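Biologist: I am new to this structure and would like to learn how to read the packing of its helices. Please take me through it step by step.

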Amino acid sequence: MNHRSLKGELHDDDERPSAAPLSRPRPRRSRWPRLSGLLAAAALAALGCAGSAGRPASSAPPPAAMTPAQIAARATPAVVTIRGDGSLGAGFLVREDGWIATNFHVIAGIPDLKVVLWDQSEHPVLEVLAFDEDRDLAIVRIHAPRKLPLLPLGDSRAVRPGDPVVAIGHPLGLADTVSNGLVSAVRVVDPALTLLQISAPIAPGSSGGPLFNERGEVIGVAAAVATQGQNLNFGVPADYLKLLLVRPDPVPLSTFAAETADDEQALPAVKRSVPHHAIAILRGCTEGDLLVLARTMDGAIQVGSPLYNQGDFASCYHIYEGASLDMERRLGPSCRGPRQALAEGRRKAAGLDDNAAQAWAMRDAFDGLLDVILRKVHGDMQ
């Protein structure tokens, strides 16, 4: 089986906070979910090596501008969490009968997806109504228990550099996190793809969440962050999403998952042994400690998992081992449980003589801690 990183959280790799590893993309996939080529093109655009274009705003009087707090208060009930086996992402309602927009990479290859609404009710994804793999967009459907709140789509062609932008997502599982910034640029990556470069942070778990203009209209879908630079965050313009909404072609989720599943034949089979920690293991840990753990483990997975997928098991293991030692050094003195769990992961890995198995021993330790952190965040005290 293959390593894969945080799926909700999309950096210069693909994937997800994982209790179960997933595999690398099939060779046929050219752009998404791995964003190295796209982000490289966007980076070149940022340096002036590719075109950028803004469209003039409409001459019609614009609606009154809102503060980020006002936008969040109105929009949060329509922002959802999308969870699967080892996956976490965001999405938002675009129709009151249960149509939800998100990223393609958030749902690809996962046969069992659930949508968590603002009231914490969970609803299985029934089908994929439409998707655009090249632009990393998808629309899924749940059975709506009632009329659901939806978000209005704005004109992404009218977006200009310097416009304010607000993002709502679930970074690292922290639900309904609001951030704001500016549209840094409108990047033409190629004739078929334009991206919105924004300064509002995008973190793992926020992929698929909405990006708003100051009128509270969705002008983009949060998609990626380039880990090579600061504040290089990207969204897919909402106008691409509008095309999917008028051309639905429903397929059952099971069919979509089978067609987009990753090839697992190239890498060695592994037996997972992810520890299930009680919430008490986090006793004495501050919120800062939990952020250090989540961010460092996510960063290590983002770097290590593609190396593992390329067959460089030793480098993957050493990255995980180094991240574990770094976390222990940075954790507060009262955060003893995670420190002991990390040390146990290193001890187990050191007793193995196979680099792939050593990498998985460390990954198991990471996934066990990520799982208990997410359970604490979501209020599960078991």
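Biologist: In which hand does α7 pass α8?

Modeller: A crossing is left-handed if the near helix is turned anticlockwise from the far one by less than a right angle, and right-handed if clockwise. In this predicted model, α7 passes α8 in a left-handed crossing. Helices here are DSSP runs of H or I with at least four residues, strands are runs of E with at least two, and both are numbered from the N terminus.

Biologist: At what angle do the axes of α7 and α8 cross?

Modeller: Two packed helices are described by the angle between their axes and the distance between the axes. Axes are lines fitted to C-alpha atoms, for helices over the stretch in contact, and angles run from 0 to 180 degrees between N-to-C directions. For α7 (residues 313-330) and α8 (residues 336-350), the axes cross at roughly 150° and come within 10 Å. That makes α7 roughly antiparallel to α8 (under 35 degrees is roughly parallel, over 145 roughly antiparallel, 65 to 115 roughly perpendicular, the rest oblique).

Biologist: Which residues of α7 and α8 meet?

Modeller: Contact means heavy atoms within 4.5 Å. From α7, Tyr-317, Glu-321, Ser-324, Leu-325, Met-327 and Glu-328 meet Arg-339, Leu-342, Ala-343, Arg-346, Ala-349 and Ala-350 of α8. By class, this contact of α7 with α8 has seven nonpolar, one polar and four charged residues. Ala, Val, Leu, Ile, Met, Phe, Trp, Tyr, Cys and Pro count as nonpolar, Asp, Glu, Lys and Arg as charged, and the others, Gly among them, as polar.

Biologist: How do the axes of α6 and α7 cross?

Modeller: The axes of α6 (residues 287-309) and α7 come within 8 Å and cross at roughly 170°. That makes α6 roughly antiparallel to α7. Their contact has 14 nonpolar, four polar and three charged residues.

Biologist: And what is the crossing of α6 and α9?

Modeller: α6 and α9 (residues 355-377) have axes that come within 10 Å and cross at roughly 145°. Their crossing is left-handed. Among the residues in contact are Leu-290 and Met-297 of α6, and Trp-360 and Phe-366 of α9. The classes are 14 nonpolar, no polar and three charged residues.

Biologist: What is the mean pLDDT of the chain?

Modeller: pLDDT is the predictor's confidence in each residue, from 0 to 100. The chain mean is 80, and 77% of the residues reach 70 or more. Over residues 1-41 the pLDDT is below 50.

Biologist: What conventions apply?

Modeller: Residues are numbered from 1 along each chain as its sequence is written. Local features need pLDDT of at least 70, side-chain atom pairs count only at pLDDT 80 or more, totals for chains, interfaces and linings use all residues, and side-chain values use heavy atoms, with hydrogens and water left out.
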